[in-house]
Amino acid sequence: RVLRASAGAPVPCILRSLLYVTVQGAGGSVTQARWVLNEAVVFRVTAPASTRLELVVDEHLVNVLRADGVIVSTPTGSTAYSTAAGGPMVVPSTPCIIITPVASRALSCRSIVVADTSAVEIRIPHTTRSLCRLSFDGKLDADLEPGAVVRFTTSAWLLPTVSAGPLDLDWYNRINMKLFWNKRTEQLPG
């Protein structure tokens, strides 16, 4: 986790995970395949009502989400759209995948964190009430027809990024500085 600069001084870096995302159409063939650094989002686009999305982890049906969408993110992407939707902030060196529902109809429907060795699928059931789309890192939308399956696995390749400090210290400093994490303004006495 430390590179050497040309002057020989150590340069700290963090190895960030990537997600490999594939879209399998209703016919069974793979129609899209992309790597994402932050997140991929499955979201409804037409009906004013929430959509139904089946969440499958390691080939087990975990939940049928009734929501506006679902965010599947890496630890790097956890502090972006996922946190805004109520998901956890996860240190980049943590080996995991974060799954966060967007505007769920059920108050009990919360974000979950699964091992980076898990295979996560979002299935678009034939009974869904609205058309869905998929965005990759906020770009390159793809239409999802009923019967489509979006599969997420952690890439075998890691992305080294230069850090201002050792291991995750830079991450903690940045969330404190940019998000004012757990900061409050003290009231002046009387």
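Figure 1. Leaving aside neighbours within four places in sequence, Ala-40 is in contact with Val-21, Val-70, Ile-71, Val-72, Leu-134, Ser-135 and Phe-152. The model shown here and in the other views is predicted. Ala-40 is placed in strand β4 and counts as buried, at 0% relative accessibility.

Figure 2. The relative accessible area of Ser-73 is 0%, so the residue is buried. When residues up to four places away in sequence are not counted, Ser-73 touches Leu-19, Asn-38, Glu-39, Ser-78, Ser-82, Ile-97 and Ile-98.

**Figure 3. Buried residues of helix α2.** Helix α2 takes in residues 169-179, and Asp-170, Trp-171 and Ile-175 are buried in it. These residues lie on the same side of α2, because they cover an arc of only 130° around the axis. In general, an α-helix has 3.6 residues a turn, so residues three or four places apart point the same way. Phe-180 follows α2 and has a positive phi, near 50°.

**Figure 4. Cysteines without a disulfide.** The count of disulfides in the model is zero. Cys-13 is in no disulfide, and the nearest cysteine sulfur, in Cys-96, is 19 Å away. Cys-13 is buried, with a relative accessible area of 4%. For Cys-109, the closest cysteine sulfur is that of Cys-132, at 15 Å, which is too far for a bond; a pair counts as a disulfide if the sulfur atoms are within 2.5 Å. Cys-109 also counts as buried, at 14% relative accessibility.

**Figure 5. Overview of the protein for placing the close-up views.** The secondary structure comes to two helices and 13 strands. The C-alpha trace spans about 55 × 55 × 30 Å along its principal axes. Of the 190 residues in the protein, 39% are buried. Among contacts with a separation of 6 or more, 63% are between residues 24 or more positions apart. The accessible surface is about 10,600 Å², and 55% of this surface belongs to carbon and sulfur atoms. There are 18 positive and 14 negative side chains in the protein, and the centres of the two sets lie 5 Å apart.

Note on methods. Residues are numbered from 1 along each chain as its sequence is written. This is a predicted model: local features need pLDDT of at least 70, side-chain atom pairs count only at pLDDT 80 or more; totals for chains, interfaces and linings use all residues. Side-chain values use heavy atoms; hydrogens and water are left out. Helices (H or I, at least four residues) and strands (E, at least two) are DSSP runs, numbered from the N terminus. Buried means under 20% relative accessible area, exposed over 50%, partly exposed in between (1.4 Å probe, protein chains only). Contact means heavy atoms within 4.5 Å. Accessible areas come from the Shrake-Rupley method with a 1.4 Å probe; for residues, only the protein chains shown count as cover. Lys and Arg count as positive and Asp and Glu as negative; His and the chain ends are not counted. The place of a charge is taken as NZ of Lys, CZ of Arg, CG of Asp or CD of Glu. The arc is that of the directions from the helix axis to the C-beta atoms.
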